[in-house]
Amino acid sequence: MGPHCSFCGTFTGPFSQAEGLFTVLICIPCLEIRQARPDTLLGLHDPGHPWEQWGCPIEGCGKWFPGPWDLEGHTAAEHPDWTAIYELLRPYPNQRMRVVYRRSAPPAAGARSTR
Ligand SMILES: [Zn+2]
Ligand SMILES: [Zn+2]
């Protein structure tokens with residue numbers, strides 16, 4: 001396994017480094033997404049895993065799944081504050097996929113109806 005983006009799995013650099021729980025490589029298109037929206041998370045993608053290639057990026061979760069759509073379902077069930085959206089950036093072959101996490105309901109200050 002050569003160096004690859006930990007979010008969309010591309011082997012095409014250049015890469016930058018993203019600091020998180022651990023240092024991971026991130027390609028420039030993915031980096032731009034994170035910089036454009038600071039509250040955006042990207043699903044972790046490790047094409048080197050034989051089976052569970054998609055990881056939940058929510059802090060403290062750390063669950064991995066076989067498919068990007070599994071992250072959508074997992075997030076809807078486990079992280080109601082977030083919406084995970086599977087994006088197919090480039091079709092097969094040479095697929096490039098990404099799961100973008102966005103806050104589903106940004107709480108307006110003083111306008112919380114629940115809790
Ligand atoms: Zn990427
Ligand atoms: Zn999760």
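What share of the contacts in the chain between residues at least 6 apart in sequence join residues at least 24 apart? The share is 30%, where a contact means two residues whose C-beta atoms, placed from the backbone, lie within 7 Å. Keep in mind that this is a predicted model: local features need pLDDT of at least 70, side-chain atom pairs count only at pLDDT 80 or more, and totals for chains, interfaces and linings use all residues. Residues are numbered from 1 along each chain as its sequence is written, while chains are lettered from A and ligands numbered from 1 in the order in which they are written.

**View 1. The whole chain, element by element.** Here you can pick out 2 helices and 8 strands. Helices (H or I, at least four residues) and strands (E, at least two) are DSSP runs, numbered from the N terminus. Of the 115 residues in the chain, 24% are buried. Buried means that 20 or more other C-beta atoms lie within 10 Å of a residue's own; exposed means 12 or fewer, and partly exposed is in between, with C-beta atoms placed from the backbone.

**View 2. An open sheet of 3 strands.** The order is S3-S8-S7, with antiparallel pairing. Strand S3 (41-42) and S7 are the edge strands, each pairing on one side only. To count as a pair, two strands need at least two bridges found between them by DSSP. S3 and S8 have 2 bridges, and leucine 42 has valine 100 in S8 as its bridge partner. S7 and S8 are joined by 8 bridges.

**View 3. The hairpin of S7 and S8.** These two strands have 5 residues between them. Look for asparagine 94 in the turn: its phi is positive, about 65°. Also in this view, arginine 90 stands opposite arginine 96 in S8.

**View 4. Helix H2 and its two sides.** In H2 (residues 68-78), Pro68, Asp70, Leu71 and Thr75 are buried. Looking down the axis of H2, you'd find its buried residues within an arc of 135°, so they line one face of the helix; the arc is that of the directions from the helix axis to the C-beta atoms. Gly73 and Ala77, on the other side of H2, are exposed. So what covers those buried residues of H2? The cover includes strands S5 (54-55), S6 (64-65), S7 (82-90) and S8 (96-103). H2 lies across S7 and S8, at about 165° to S7. Axes are lines fitted to C-alpha atoms, for helices over the stretch in contact, and angles run from 0 to 180 degrees between N-to-C directions.

**View 5. Zooming in on isoleucine 85.** This residue sits in strand S7. Is isoleucine 85 buried or partly exposed? It counts as partly exposed because it has 14 C-beta neighbours inside 10 Å. Leaving out residues up to four places away in sequence, isoleucine 85 touches Val99 and Val100. Its C-alpha atom is 9.6 Å from that of threonine 75, 10 residues apart along the chain.

**View 6. The largest nonpolar core.** A nonpolar core is a set of buried Ala, Val, Leu, Ile, Met, Phe, Trp, Tyr and Cys residues joined through C-beta atoms within 7 Å. The largest one has 15 residues, and Cys5, Phe7, Cys8, Cys30, Leu42 and Val99 have the most contacts inside it. Strand S2 (24-27), S3 and S8 each supply at least two residues of this core, with the largest share, 3 residues, coming from S8. Not counting residues up to four places away in sequence, cysteine 8 touches several residues, including Cys27, Cys30, His45 and Leu89.
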